[in-house]
Each structure stands twice: as structure tokens, then as C-alpha cells.
Amino acid sequence: MSKLSMNLGFIGAGIMAQATAKALISSDLINPGSIYASAPSDNNLKWWKDAGANTTHDNGTILKKCKVIVLAMKPQYFEKALSTADKDFIQENETVFISLLAGINTSQLQKILNKHLNFKSTINEEINVYHVIPNTAISIGYGCTVYCQSLSIINNHIVYCFIDNIPIVEKIFNSCGLCLEISEDILNAASAVSGSGIAYVYIMIEALSDGGVKMGIPRPLAMKLAAQTFLGGAKMIQETGKHPGQLKDEVCSAGGTTIAAVHAMEKNGIRGGLIDAVEAAVRRNQEISEKQSVKNVQ
């Protein structure tokens, strides 16, 4: 497998950025010395230093030294992070930005980047942007990532967007789980299922283990049983291709314990709660996007 030959930079060095870098290093897709990370706090940079990456407090350093730049700050700090590099950076046509920012679409990303960076290109008039939504399981190789790309990448086949003719985003995130390109109009919805969804899974595992504790099982054992059960259920769906409803029916014997438990779950609205959770996450993404649109107009 070919390694990333260019410098890879992270503006923002928190949990998701670290998870991405861990996956790249553990899969031997990049040498740690080719990674650069910036953050305002030394605390956020400690892991990076220990991993052998280059660290800085200056976002302009990332912009100048790296061909592929991951935007991993909180969305509300996006423009502030870029403003420190105003008029300091000439955007080359082959530089690629990978945004992990929720609620800011590719068009908005390009407008904000153009606003803060001196952009010059001989190939296309727009900055090359991927909008990527991973989840934290990428750090252990079981992530689920969805992405879309700007038209500048689609239309111009930018060299640094591909490795072995594979989009660089897929090269990076397939090394740490599943990575799928989807239409931008469903990216927020997919983010609510897979990006935020891993938190819903954690809650369900915790609740299932709480039930075990209530009925007398020691906490460590209850947690181990619950986690392995979720893992097994997911693998059953993936490997058998069966609908989860069919697999559920195969466990529910007539008049048995499982159907009694399923009835209790349905009475307490587990399906509606999860559907509402996805809808709430999508709405919050839309709110962030609308606020960003207003800021761009001002």
C-alpha cells in the first residue's frame, strides 16, 4: 500500500483529529514526521509530540507546509482559526482541504477559505474541499465515514486528491474502517446516523449493562456482555445480509422471554426515541449551516 508522500496538516488537534492521525500512523499510511498539527493549547499538542508529529501554535505554518490540510477545529472557531493566516498564504491549485466541520457545506467552506486566504490557481477558480464526517471509532480501525467533494475536485482531477487513483479521503479513512462517498444533500442525515450515532450506541450499551447490574450482574461483566452483544448483532447484519427485523424475529420465540423484553422496549418508545435523535441532530446541523450562511452575507 502506497504511503502519503506529502505533508498532512491538522488545524485543530482534539479528539477527532487525534483519532484520524492514530489510524493513519497505525496503518502505516504516513510517517509521523510528515504530520503537522496546530492548536492554541499545549495540552492538545502533547499526544502529537509523543507520536512524533510536528506541532505549532501558528495555523499559518500548517497552511504553508502542508499540501493536505484537515480542518478539525470546532465549527464556531473556524473563521477565527483562519484569520491568523490572513494575507499570509498563497493557495496553490493542488492544495486539498479536508473539513471535519459539522453543518458547514462545501460551498460555504470555499467562501470562507477564499475570504481568509490569498487564493491563486492556474487550473480552477475554487479551493479544493472534501467535507468528511467520520466517527471516533476510526481510532481503532472500525470507523464509519461519509464524505462529499467540491466540484473543483470532481472536474479537474487534482493530483493531490488521489493516491493510486483512489480519492485521498478514501485512502485515509478506508484505512480505519468504512468510507463512503455520498451526495451532499444527504450528508447531514448520514452524519446524524453514523457520526453522532456512535454516541447513541454508547448510551444503549450503557443502558443494557445497567439493566444487567439491576438484576445482579457485576458492572464489568454486564458491560462486557452488552458490548459484545452489540458487536455480534452488527456483524450478523453485515455478514448475513438479513434485515434486522428478520434477525430479531429469529430470536423471539412464541411466548418467550425475548418477545416480552421487546414488548417492554416498544412500550417505552425505543424506536421513536432513536428516530427523534437522528432528526434532532439533522436540525442542529441545519441551524449551524443557516447561521454560517447569515455570517457569509454580512
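**Helices, sheet and spaces**

Me: Which strands does H8 lie across?
Reply: In this predicted model, H8 lies across E8 and E9, and runs at about 170° to E9.

Me: And how does H8 pack with H9?
Reply: H8 covers residues 187–195 and H9 covers residues 197–214; the two pack at an angle of about 30°, and their axes are 4 Å apart. That angle makes H8 roughly parallel to H9, because angles under 35 degrees count as roughly parallel.

Me: Which residues make that contact?
Reply: On the H8 side they are Ser191, Ala192, Val193, Ser194 and Gly195, and on the H9 side Gly197, Ile198 and Tyr200. By class, the contact of H8 with H9 divides into four nonpolar, four polar and no charged residues.

Me: Back to the sheet. What's the strand order?
Reply: The order is E3-E2-E1-E4-E6-E8-E9-E12, in an open sheet of eight strands with mixed pairing. Strand E3 (54–56) and strand E12 (177–181) are the edge strands, and each pairs on one side only. From one strand to the next the twist averages 20°.

Me: How many bridges join E6 to E8, and do they run parallel or antiparallel?
Reply: Four bridges join E6 (residues 96–99) to E8 (residues 128–133), and these strands run parallel.

Me: What holds strands together in general?
Reply: Strands of a sheet pair through backbone hydrogen bonds, in either a parallel or an antiparallel way.

Me: Which strands does H5 lie across?
Reply: H5, residues 106–116, lies across strand E4 (68–71), E6, E8 and strand E9 (143–149). The helix runs at about 130° to E8.

Me: Other end of the chain now. How do H1 and H2 pack?
Reply: H1 and H2 (residues 42–51) pack at an angle of about 10°, with 11 Å between their axes. That makes H1 roughly parallel to H2.

Me: Which side chains am I looking for there?
Reply: The residues in the contact are Ala17, Gln18, Ala21, Lys22 and Ile25 of H1, together with Asn44, Trp47, Trp48 and Ala51 of H2. Six of them are nonpolar, two polar and one charged.

Me: How many cavities of 30 Å³ or more are there?
Reply: The structure holds one. The largest cavity has a volume of about 30 Å³.

Me: What lines the largest cavity?
Reply: Its lining consists of Leu8, Phe10, Thr20, Leu24, Val70, Ile98, Leu100, Ile172 and Phe173. Strand E1 (8–11), helix H1 (15–26) and helix H7 (168–173) each supply at least two residues of that lining. The lining has eight nonpolar residues, one polar and no charged.

Me: And the second largest pocket, how much space lies in it?
Reply: About 1300 Å³. The pocket is lined by 42 residues, and Ala72, Met73, Lys74, Pro75 and Leu101 are the ones that lie nearest its centre.

Me: Which helices supply at least two residues of the lining?
Reply: H1, helix H4 (78–83), H8 and helix H13 (270–297) each do. H13 gives the largest share, seven residues.

Me: How does that lining divide by class?
Reply: The lining of the second largest pocket divides into 21 nonpolar, 15 polar and six charged residues.

Technical notes:
Residues numbered from 1 in each chain as written. Predicted model: local features only at pLDDT ≥ 70, side-chain atom pairs only at ≥ 80, totals over all residues. Heavy atoms only, no water. Axes fitted to C-alpha atoms, helices over the stretch in contact; angles between N-to-C directions. Parallel < 35°, antiparallel > 145°, perpendicular 65-115°, else oblique. Contact = heavy atoms within 4.5 Å. Nonpolar A, V, L, I, M, F, W, Y, C, P; charged D, E, K, R; others polar. Pairing = 2+ DSSP bridges. 1 Å grid on protein atoms, 1.4 Å probe; cavity = no way out; pocket = protein on both sides within 12 Å on 5 of 7 lines; lining within 4 Å. Points joined across faces, edges and corners; volume = space filled by probe spheres on them.
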